Amino acid sequence: MNARPAVGDRPEQATRDATRAAGTTTAAPPSGQAHSAASAGQGAGQDELLAHFDALIEQGETIEPRDWMPDGYRRMLIRQIAQHAHSEIIGMQPEGAWLTRAPSLHRKSVLIAKVQDEAGHGLYLYSAAETLGVDRADLLDALHLGRQRASATFNHPALTWADTGAIAWLTDGAAVINQAPLCRTSYGPYARAMRRVCQEEAFHVRQGYDLMRALCKGTPEQKAMAQDAVDRWWLPAVALMFGPPDTEAGGSDARTAALGAAVSRRAMAWGIKRHTNDELRQRFVDQCVPQAERLGLTLPDPAIRWNEERGHYDFSPIDWDTYRTALGEDTHWARRRIDHRKAAHDEGAWVREAAAAYAAREEASGAPAGPAADVHRQTQEERV
Amino acid sequence: MNRNDEGAPASWEVFLRARRGLAHQHVGSVRAAGPDTALAAARDLYTRRGDPLSLWVVRSDAVHAASPDERDPYFSGARHKPYRYPEHFPPLNDKGPEGDHDQ
């Protein structure tokens, strides 16, 4: 019933893009551009498939759903895209809690739009994950059962209105730095989803910064509220949004760094990631320090100072083991996030059942189903 | 949780004409029980910004794709027929391959 046409979850003969071959140069006839791997016959062996896959990665081409890909590549992508999607929808909760308490209609409209975007980002990503041969219902089950996780960044409460600003400025700011390189990730559907996400994410960061600036220009109490929110959201953003340290320069112990580095190396060799976690973390700190200065806020890390020699800001190393213990799946807020998600899912069951019953009845009665009957009439008026 | 009890919603491919002058482009997929709800979901998901003109949804299992095994006979046209490209022939004038009429 849910068969998808473009899912390539079995080894298939490597493909070749005739259009690309024809478009590469104007001088040589296109036949000269044919990849040798493409002449592999039906019985192409694993080695040949792998060689073709590696060549595509090497050339910076994208891998598409119907292409053959190594199992490890598929597994890594499913894991990363699912974790990413889960983080988007779980990430709606801390800010969503403030929707009814926004201080003005303008701020409320903005926050609604932002939280709705996060839901949308989750859905773009579940859609991308499904092209790898998984079902989004299974991914959600895995989240609910604790077999897959969302970013632990969101396992913190949003205690004040300023938290909505700090979350958007800091965690969304971190997300943009993580995600911009993912627009060029090697798996086509993931890269395309990320381009949509990134276009929308810039608004999130700016509105968060604007919210913080309004508080910083306000009463001393408001400014103190902004500082308090930054004190609580800085480390979750800098530590947890970028994943474990994966270089020794990142300041972690050798074992953690080696573990992180092994995963990062593999992901980078496959073109899934483009930078180490620590490189992106540094980029984030470098951007945030001057932004915080303009707001007149202090980032809660006394080690932050400009390092002329490196051309970067120094900051305290991430104590990953501490974070892993403090923020494991068994913390109070981690449980609350998942419980809330499960409750929303369960309470929505009657809506899904009603929609299924309605669709079944429409199909049985043979009536052309509403506006879909004439695709050419789908115009903007219908968008309301 | 038994998904069958909920009636696992079907997958729909979404095509969007983002603005005038463009063909509909595949943008992703949504899950929905029927075409109306699929369109509503696609609208909410893929048209939150910009000035989109038209949206199509097509059930994913109604899309027929060339089987990978048949790819070679299907897609080999360009490889063996260099004469389909202008570069196969001499340019029309001295300016070389970028000559006026070749553009």
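Trainee: pLDDT is the predictor's confidence in each residue, from 0 to 100. Over which residues of chain A does pLDDT stay under 50?

Mentor: One such stretch is residues 371-384 of chain A. This is a predicted model, and it has 23 contacts beyond four places in sequence for that stretch. Residues 1-42 of chain A are also below 50. For them the model has 92 contacts beyond near neighbours in sequence.

Trainee: Which elements of chain A have the lowest and highest mean pLDDT?

Mentor: Helix H1 (residues 18-23) of chain A is lowest, with a mean of 31. Helix H5 (residues 105-130) of chain A is highest, at 97. Chain A averages 83, and 82% of its residues score at least 70.

Trainee: And what does chain B average?

Mentor: Chain B averages a pLDDT of 80, with 72% of residues scoring at least 70. Confidence there is highest in strand S3 (residues 54-59), at 96. It is lowest in helix H1 (residues 3-6) of chain B, at a mean of 42. Residues 1-7 of chain B stay under 50, with 13 contacts beyond four places in sequence.

Trainee: What ipTM does the complex get?

Mentor: The predictor gives an ipTM of 0.80 and a pTM of 0.82.

Trainee: Switching to helices. At what angle do H7 and H9 of chain A pack?

Mentor: About 35°, with axes 8 Å apart. H7(A) covers residues 161-179 and H9(A) covers residues 220-240.

Trainee: Is that crossing left-handed or right-handed?

Mentor: The crossing of H7(A) and H9(A) is right-handed.

Trainee: Which residues meet there?

Mentor: From H7(A), they include A:Trp161, A:Ile167, A:Trp169 and A:Leu170. Among those from H9(A) are A:Met225, A:Val230, A:Trp233 and A:Trp234. By class, the contact has 14 nonpolar, one polar and two charged residues.

Trainee: What about H8 of chain A: where does it bend?

Mentor: At A:Glu200, by about 30°.

Trainee: How far apart are the end C-alpha atoms of H8(A)?

Mentor: They are 42 Å apart. At 1.5 Å a residue, the 29 residues of H8(A), 188-216, should span 42 Å, so the two agree.

Definitions and conventions
Residues are numbered from 1 along each chain as its sequence is written. Chains are lettered from A and ligands numbered from 1 in the order in which they are written. This is a predicted model: local features need pLDDT of at least 70, side-chain atom pairs count only at pLDDT 80 or more; totals for chains, interfaces and linings use all residues. Side-chain values use heavy atoms; hydrogens and water are left out. Helices (H or I, at least four residues) and strands (E, at least two) are DSSP runs, numbered from the N terminus. The expected span of a helix is 1.5 Å times one less than its number of residues. The bend at a residue is the angle between axes fitted to the seven residues ending there and the seven starting there. Contact means heavy atoms within 4.5 Å. Axes are lines fitted to C-alpha atoms, for helices over the stretch in contact, and angles run from 0 to 180 degrees between N-to-C directions. A crossing is left-handed if the near helix is turned anticlockwise from the far one by less than a right angle, and right-handed if clockwise. Ala, Val, Leu, Ile, Met, Phe, Trp, Tyr, Cys and Pro count as nonpolar, Asp, Glu, Lys and Arg as charged, and the others, Gly among them, as polar.
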